[in-house]
Amino acid sequence: MSEIIEQEKGKKGGKRRPKKQSTRIDMTPMVDLMCLLITFFMLTTAFSKPKVMVITMPEKKTEKEPEVKIAAWRTLNILLTGDDIVYYYAGEANPRKPPLPALIKSDFSKDGIRKVLLEKNKDLFRQITEYRDKRVSGKLLVADTTAESAIKKMKKEDMKGPIVLIKADDKAKYKDVVNIIDEMAICNIASYAVVDINTVELGMLKTAPK
Amino acid sequence: MPKIKAPVRTPHIDMTPMVDLFSVLLIFLLLTASFRPSEATVIASPNSVSEKQAPDKDIMTIIINKDGKIFFNIDNGKDSAKHTRVDVLTQMGKQYNVTFTPKQLNVFAHLASFGMPMVDFKKWLTTTDSKEKEKLQTGIPTDSVDNQPSQLFFWVRFSRLANPNAEVAIKGDGEANYKKVKLVMNLLQDNKVNKFNLVTNLEKQEVTLKDLPK
């Protein structure tokens with residue numbers, strides 16, 4: 001910019017000095033426009049991308065295969081029936097082997113079902129949390145993938161933690177199921193599955209404490 | 001001596017740095033902008049601690065709203081030479097004896113989620129009135145007619161064939177009935193989809209060793 005002014009000076013010579021004009025441009029309208037555009041973009045951009053929770057279901061059986069037997073003492077059944085209520089019982093409900101276990105009422109709060117799950121899963125939970133803490137504090141330097149597979153291995157080798165069966169009846173909300181699967185992730189439960197509810201359990205729900 | 005009058009000057013602020021900053025911001029926002037596509041329905045996703053991000057491309061979304069209505073969405077895929085949406089709709093048209101003009105197919109290629117029976121599909125593509133369009137969105141039927149699988153089944157089936165790499169996401173409203181979600185999951189499993197991505201909002205939950213019961 002300054003160069004142009006100098007050139008002009010040279011042409012006109014010293015005869016008549018041209019009126020010195022300010023080279024400043026009024027930028028206010030530009031700033032106004034930019035402000036508007038920025039606000040517009042800020043409001044329309046979707047910054048937070050949605051997160052997903054991955055759940056893998058076992059493949060549907062085409063023919064009757066013998067059902068997988070799981071140890072009754074490790075089984076924890078969680079029944080969902082809406083209204084933010086969680087019922088659970090340990091072991092199995094077999095009408096041929098009375099008495100039926102009693103349903104225990106709980107909820108999704110911090111002291112609700114989480115406490116039960118943590119109590120049952122404390123060994124594995126402690127193992128995984130200590131491993132993670134070590135990484136966070138810098139005592140242990142491993143790559144993300146290594147850590148992931150190490151945790152996976154811990155989960156696989158765990159033989160004491162509960163096997164959680166999640167069952168939802170027709171009154172349950174989608175939210176409840178997502179919440180309980182989320183609870184599994186929080187408590188580092190190694191094995192859990194979403195399965196169909198059976199008639200015995202439906203009957204137990206009817207007489208459950210409100 | 002005459003008094004020297006100080007020239008009256010309007011105070012000037014140098015706006016150049018401000019403009020610089022704004023330019024940078026503007027360019028950044030322009031480049032990162034991914035516009036929210038107009039969705040067919042409003043969904044309040046449940047919360048979870050999962051931090052895994054949903055894939056941008058190659059994703060098939062089944063949306064279940066509060067009232068249990070089902071909507072469907074599939075993107076055109078990473079490969080822009082393929083026209084996944086067009087292929088899927090053409091196949092659907094063949095299945096249900098509806099023929100679409102190239103113009104209608106083109107319109108469909110640039111839309112987002114939708115949810116109506118195939119009978120209303122042509123009407124939905126041609127009407128320009130947004131209120132009327134909304135009224136047509138009554139959800140994709142999930143009940144089987146005459147021993148034929150449901151329409152949703154075919155949407156999933158043809159989408160799987162058109163883009164085998166597409167992952168499946170279920171975007172359900174927290175208040176939606178689980179019965180409906182289970183129905184959708186069953187239908188997906190019939191289509192040999194065993195891995196679902198449940199769309200959730202991130203909500204951090206801190207549980208430390210101190211929380212362990214003694």
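What covers the buried residues of helix 6 of chain B? The views below take that up, along with two other spots. This is a predicted model, where local features need pLDDT of at least 70, side-chain atom pairs count only at pLDDT 80 or more, and totals for chains, interfaces and linings use all residues. Residues are numbered from 1 along each chain as written, with chains lettered from A and ligands numbered from 1 in written order.

**View 1. Helix 6 of chain B and its cover.** The cover includes strand 3 (59-64), strand 4 (70-74), helix 2 (84-95) and helix 7 (178-190) of chain B. Helices (H or I, at least four residues) and strands (E, at least two) are DSSP runs, numbered from the N terminus. Among the buried residues of helix 6 are Trp155(B) and Phe158(B); buried means 20 or more other C-beta atoms within 10 Å, exposed 12 or fewer, and partly exposed in between, with C-beta atoms placed from the backbone.

**View 2. Asp107(A) in strand 4 of chain A.** Asp107(A) counts as partly exposed because it has 13 C-beta neighbours inside 10 Å. Leaving out residues up to four places away in sequence, it touches Asp84(A), Ile85(A), Val86(A) and Gly112(A); touching means C-beta atoms, placed from the backbone, within 7 Å.

**View 3. Where chains A and B meet.** Chain A brings 43 residues to the contact and chain B brings 50. On chain A's side, helix 6 gives the most, with nine residues. Strand 1 of chain A and strand 2 (residues 52-53) of chain B run antiparallel, joined by two bridges. Lys51(A) has Gln53(B) as its bridge partner there.

Technical notes:
Two residues are in contact if their C-beta atoms, placed from the backbone, lie within 7 Å. Two strands pair if DSSP finds at least two bridges between them.
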